[in-house]
Amino acid sequence: MPNSHSRVGVASVCAASLTFSGLLVTGLLAAQPAAAADPAGYQNVRINEVTSSGNDTVELYNSGPTAVSISGWKMADDGFSPQSFSPSASSIPAGGFVTFNSPKGLGDSDKVVIYTSGGTVVDRVDWATNAAKPAMARCGGDGTGAWVTTTTATTFGAANAAGCPASVPAASKVVVNEVGSDGSDTVELYNGGTSAVSIGSWKYVDGDTSHGAASISSSAPSATSIPAGGYVTFNSTIGLGGNDSLFLLDGSGNTVDSTTWAAAGASPSDERCATGFQTSANATFGAVNSCSGSTPGGGTGGGGTGGTGHLLGGGGSLTSGCTPEAPSGTGATPSGTLSWPGGLDVTIADNVCAFTTSTGPEGRDVSGLAFDPADPSVLWAAKNKNWLYKLVKINGKWVPDATWSATGKQIRFAGGTGQPDSEGLTVGGNGHLYVTSERDNSNNTVPKDTVMEFDPAATGSVLTPLHQWDMTAQFPQLNTGSKDDANLGFEGVGFIPDGWLTANGWTDPLTGAAYDPADYPLHGGGLFFAGLEYDGTLHVYGLNSDGSFTTFGTVSTGKPGVMDVTYDAGTQRIVATCDNTCGETHTFLKVNASGAIVPDVTYTNPAVMPVDNLEGFALAPTSTCANGFREAVWSDDGIYGSGSGTPAYGHALYSGTFPC
């Protein structure tokens, strides 16, 4: 892991990166002045789940970093003035929930508005035609996801994922993307989905609860739909004040998205940026948000970066000892790098602090990732401090497969000794796991650049390698007595099938002729490309069944570091991933006309993602493709910027999409 090395010479990223808040969903400020002081942090409270069945329960969620007092708060529906309610607790803890039964009945078509004791609107949700039966919940992230009618049991007092359907409507990808309260009172909507969304019957309303909802079509008659990745703008007919809110409602009256801003915050406009809504110096209605010359904190909203992505997920609170680690070694993005070609939305893909172990209680250091080619429903993961995980997806999250090990399996060096600093991971042609280690963590000033082969079908909680290949002697530059230098060795590894190398005419550096696998009868069905963090080179090996290995030389990635290596059959490319050391980029390599492996194209991560030590990267096989896309997964070595709170801690995995 690169968190402690100093060769780039940058100790930390800027404060904006360290307080990444794309996941935060804060509450709503009212247009009317408050009669009493509002409690600190009230704008971080959101309505999270509602039912109009039986006991008419409402759940509130606090996305902020500190507890919020709700003493004296009130609620209203569509037929009553604000009423006091009796919550399950007088304050909501950070990342926590409070529930209450509505003091007045909630109907099949109704709304809930939450007020502070001073009369400020905190949040509001509207629904129609039994949308809140059995319940209606934010799906895609507590406090931030789209409102969806649940299909299973309610989850009051807990995260919503278990009660959410497997997929959400296309309309949930539409967000309020930019708002201006400077004269024209302009609103911009953005569709971050992959298909057009009809909005001909949609409405909007501001933070003044005395106002009725206005039709979008009354302001923009031609705005009947929003194309995938497109925009619609309109001028508000109900006015937008200097301290106001905007709620977007679908044709049934259900809340789709919302945002709020403080005094003069939306002048000239408020726009979604990677750190949430910001007051912009330059309005960009109908185009990608510039996020230049912006002032953070101008407003709050549904989170993410509409027009440039939407980051959903998080929730939960940190467990004892789940300590994040700040990113380090940040460098520039290489020139010529292209934008992420997949979907712009990204989701938190693991449970909070899911990877705590006896040797790594801090819960971070997840590095290498690899989909199992034989079973793409399985994702393998390596944790630096000698642990492997078999992950399966449940309710949209990658979680340990309890049938293999609910807490992961510990790995050792040959002979059952030591603590491998396990970094890279790949699945070989024989279905075995091949794991790289930079050093022995029980002696971490000395490099130990090895590749170990493990049989995932082996029983027991501790795995020892079937074979182990030690290449340490090839890298004397790492053996300086410094733990930082020892930590710059094998960071990633990828198994490259012989069939790809021969079909593309790779020239064997040892013979100068076309590569012929028959020349190396003990090497198996492919070669292994190990990524060296020290200089970004790939080192090519044939790993022989007798424990020996053949060295085929090096491949340049053109980048100063490599953190993961994978072979992607979909693009027919080798992918070398680099974290913030190289600007969060992925270089796809091909065989050129001369038979050499060279960089082809480099992509950044989706813009909504934080600048962290994102060390692992995996692309799902094309057999999983749906609507032209497949899953991409990233791992965060430091769990630093991905979760709920400010800064946001506690999660190691992100999920996005990549073209088939």
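Predicted model: local features only at pLDDT ≥ 70, side-chain atom pairs only at ≥ 80, totals over all residues.

Trainee: Where is Asp350 found?

Mentor: Look in the loop between strand 26 (345–348) and strand 27 (366–372).

Trainee: Is Asp350 buried or exposed, and what is the nearest side chain of opposite charge?

Mentor: Asp350 is buried, and it has no salt bridge. The nearest side chain of opposite charge belongs to Lys397, 6.5 Å away. For a salt bridge, the side-chain nitrogen and the carboxyl oxygen have to be within 4 Å.

Trainee: Which residues does Asp350 touch, leaving out those up to four places away in sequence?

Mentor: Phe355, Lys397, Trp398, His651, Ala652 and Leu653.

Trainee: How many salt bridges does the structure hold?

Mentor: There are 13. Take Glu325 and Arg364, whose closest N and O atoms are 2.9 Å apart. This pair links distant parts of the chain, 39 residues apart: Glu325 is in the loop between strand 25 (310–312) and strand 26, while Arg364 is in the loop between strand 26 and strand 27.

Trainee: How do I decide whether Glu325 and Arg364 are buried or exposed?

Mentor: Check the relative accessible area; under 20% is buried. Glu325 has 19%, so it counts as buried, and Arg364 is buried too, at 15%.

Trainee: What do the side chains of Lys390 and Asp401 form?

Mentor: A salt bridge, at 3.7 Å from N to O. Lys390 is in strand 29 (residues 387–394) and Asp401 in the loop between strand 30 (397–400) and strand 31 (409–411), so the bridge ties together parts 11 residues apart in sequence. Both residues are buried.

Trainee: And which strands hold Asp600 and Lys590?

Mentor: Their side chains form a salt bridge as well, 3.8 Å from N to O. Asp600 belongs to strand 44 (residues 597–604) and Lys590 to strand 43 (residues 585–591), so this pair joins parts 10 residues apart in sequence. Asp600 is partly exposed at 35% relative accessible area, and Lys590 is partly exposed at 29%.

Trainee: How about the whole protein?

Mentor: Its secondary structure comes to four helices and 49 strands, and 57% of its 660 residues are buried.

Technical notes
Residues numbered from 1 in each chain as written. Heavy atoms only, no water. Helix = DSSP H or I, 4+ residues; strand = E, 2+ residues; numbered from the N terminus. Buried < 20%, exposed > 50% of the residue type's maximum accessible area, 1.4 Å probe, protein only. Lys, Arg positive; Asp, Glu negative; His and termini not counted. Contact = heavy atoms within 4.5 Å.
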